[in-house]
Amino acid sequence: MRRWLALLVAATTSLVLIALLVPMALLIRAVAENGAMGRATAAAESVAVAVGTPDLELAMAQVPRPVTVFLPGGRSVGVAAPRTDAVRLAATGRSVTAVTSGGREVLVSAQSSGGTAVIRVFVPDTELTKGVREAWLGLLVLGIVLVVLGIVLADRLALAVTRPVDGLARVSHRLAGGDLTARAEPGGPPEVRSVALALNHLAGRIDELLVAERESVADLSHRLRTPLTGLRLDAESLRDPEEAARLQARVDALERAVSAVITDARRRSAGRASCDAAAVVGERVRFWSVLAEDQCREVSISLPDGPLPVAVSAEELAACVDALLGNVFAHTPEGASMAVRLTPHPSGAVLAVEDSGPGFDPELLERGNSGGGSTGLGLDIARRTAESSGGHLAVSTPEGGGARVEMVLTGA
């Protein structure tokens, strides 16, 4: 916008200056020519007064220009000059101005006792254009200065508009990234301030709606506790102890899942959490290592020496790691090795999970797509977890085959 506004002002200013300065330049040249011709005519008339008198040579000497007097009878005095058709025309009693080589000649007729004399004053081209180039250069410099000044003023004006708009764009990107605390600073023209206030109102309203939605999810999940309690009582009333214990274990697992949903919904309403990624990843890899040992899978893990905080809760990161490792067990044959690496990153941390299986299509990143008959939500959970922290998820195929899932998490 700044560039386009500067170009617009430069074009407009240039057109206005051309419309003003070109006629002014022509007027300056005309004034210079008229001045030179007027002075030459005055000099010729001053000599014409002395024609036929002894003061003719004195009058000619006082003229600072080449002067020739053509006397009656064909004789001439002063600077040698040809008797042209213009001189013969002036000898009829008319004053003539003619263009000649190197300048112009002013011819004035004067009556004497012997007939009509013609006084010729030569005006060189340098005198006709004296001071014109300097004046034109001054106009050119003035025009350039005015154009530059207009561009600078236009750029300052555009900056006053684009700077608040850039701020609005940054706030919009932060809101899109999940930072609902982002707010725009109203500034600039009234219209831009109005947009900033509207964006702030929208962000506040989105935050309120999300809080209400999460509380609704928590309330709906809480309602499941009543049928769970009845189910627990039914399980306790069973006569078979083993069957009762099995059902109670299922009920306990379901109740823990419902409690986790309630806790997760209310935790999201409270704001963004954080955890030590090294501790969470290490704990989940140890959990899955038992199953990997049963399937003769080689597991390698690389963790940083110290804590590595990331802007994701421990529960979310654990679920994400479980989803990624669960995909390895679900979609690779037994005995396929896997590697888990957690390394620091300028923006936070990078969690990479590699396996030596057959690999998979990157389209499986789309929610609901699955290559093995599962729900297809595992990679989507990992992707949303990464994006909720401000990071991203990437899937690739290493040169040696297999699959590599790399998740970038923003630091806390």
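In the predicted model, serine 300 stands opposite alanine 339 of strand 9. Strand 9 (residues 338-345) runs parallel to strand 7, and four bridges join the two. Helix 9, formed by residues 277-294, packs on the sheet and touches strand 7, strand 9 and strand 10 (348-355). The direction of helix 9 makes about 180° with that of strand 9. Helix 10 (residues 314-331) also packs on the sheet, where strand 9, strand 10 and strand 12 (403-410) are touched. For helix 10, the angle between its direction and that of strand 10 is about 20°.

The sheet itself is open and consists of five strands in the order 7-9-10-12-11, with mixed pairing. Its edges are strand 7 (299-302) and strand 11 (392-396); each has a single partner strand, so one side of each is left without a neighbour in the sheet. On average, neighbouring strands of this sheet are turned by 10° against each other, direction ignored.

A hairpin is formed by strand 3 and strand 4, with two residues between them. Glycine 102, in the turn, has a positive phi of about 85°. Strand 3 (residues 96-100) pairs with strand 4 (residues 103-112) in the antiparallel sense, over five bridges. Within this pairing, valine 96 has leucine 107 of strand 4 as its bridge partner.

The protein chain has a mean pLDDT of 80, and 86% of its residues reach 70 or more. Residues 365-376 have pLDDT below 50, and this stretch has 24 contacts in the model beyond near neighbours in sequence. Where pLDDT is low, the predicted coordinates should not be read in detail.

Definitions and conventions
Residues numbered from 1 in each chain as written. Predicted model: local features only at pLDDT ≥ 70, side-chain atom pairs only at ≥ 80, totals over all residues. Heavy atoms only, no water. pLDDT = per-residue confidence, 0-100. Contact = heavy atoms within 4.5 Å. Pairing = 2+ DSSP bridges. Axes fitted to C-alpha atoms, helices over the stretch in contact; angles between N-to-C directions.
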